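Subject: Structure for you to look at

Dear colleague,

I am handing over the structure below, followed by notes on what was found in it. Please read them with the model open beside you.

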Amino acid sequence: MRSSLGTAWTILMLAGALMACSPGEEEIESSDNRHSQSGSVETPDGQLMIAGPIATWSEGPTGMPQLPHSIFSADDTRRGASAGDGVVIIHTGKQYGPRVDVTVNSVQSPPPDDEGWEESFDLEFSTADGQMYVYDLNSFSYARGFEQPITTEGAGTYTMRVSTRGRVANQSDGNSSIPESYLLQVWKSTAPE
């Protein structure tokens with residue numbers, strides 16, 4: 001009897017762990033959306049990072065995966081974001097986080113401008129394997145609610161429209177604690193070369 005109770009408990013625990021780790025149902029907001037993911041993301045260093053799977057990251061000097069990085073141009077510095085091969089870094093308004101609300105909509109074509117945001121700009125990035133994820137930089141894992149790739153059409157070049165609310169005010173006033181929200185709309189720009 002004890003063995004069957006232990007087995008039943010183990011099965012229940014595994015089922016609960018699988019449900020906690022598996023993505024929730026995707027929200028389809030319109031016929032153009034491939035899928036939508038949303039959640040609250042840890043940004044301990046004031047950075048929201050989107051990158052490929054950890055297994056594809058370069059090995060650092062300690063043998064551990066090294067964080068992907070992107071070189072900031074003058075334009076990137078002005079808008080507070082950069083993008084490149086396999087990585088997108090968006091600087092939040094608060095330098096030391098801790099959390100921002102993020103929604104990612106993977107769409108088939110450029111969406112119309114949404115007037116309900118304080119700022120909006122486009123970034124272009126590429127992915128060799130077609131898999132880019134939103135990361136939680138505290139745990140170096142996919143952020144909760146973002147377990148599916150944001151790139152839905154395989155390898156190639158993508159455009160990301162970044163719309164923000166609260167970021168500008170927090171950048172202007174270091175003591176501000178206005179909640180920040182981000183809408184990331186992603187679509188494929190070109191086929192792989």
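Two strands are said to pair if DSSP finds at least two bridges between them, and strands themselves are DSSP runs (E, at least two residues), numbered from the N terminus. This is a predicted model, in which local features need pLDDT of at least 70 and side-chain atom pairs count only at pLDDT 80 or more, while totals for chains, interfaces and linings use all residues. Residues are numbered from 1 along each chain as its sequence is written, and side-chain values use heavy atoms, with hydrogens and water left out.

Five strands form an open sheet with antiparallel pairing, in the order 3-4-2-7-8; its edges are strand 3 (81–84) and strand 8 (141–142), each of which pairs on one side only. Within this sheet, strand 2 (residues 47–51) runs antiparallel to strand 4 (residues 87–91) and is joined to it by five bridges, with leucine 48 standing opposite isoleucine 90 of strand 4.

Turning to the aromatic rings, those of Phe, Tyr and Trp (its six-membered ring) pair if their centres lie within 6.5 Å, and planes under 30 degrees apart count as stacked, over 60 as edge-to-face and the rest as tilted. There are three aromatic pairs by this rule. Tyrosine 133 and tyrosine 142 form a stacked pair, because their ring centres are 3.9 Å apart and their planes lie at 15°. Ring pairs link Tyr133, Tyr135 and Tyr142 into a cluster.

Finally, arginine 165 lies over the face of tryptophan 117, 3.9 Å from the ring centre (the rule asks for CZ of Arg, or NZ of Lys, within 6 Å of the ring centre and within 35 degrees of the ring normal).

Key:
Helix = DSSP H or I, 4+ residues; strand = E, 2+ residues; numbered from the N terminus.
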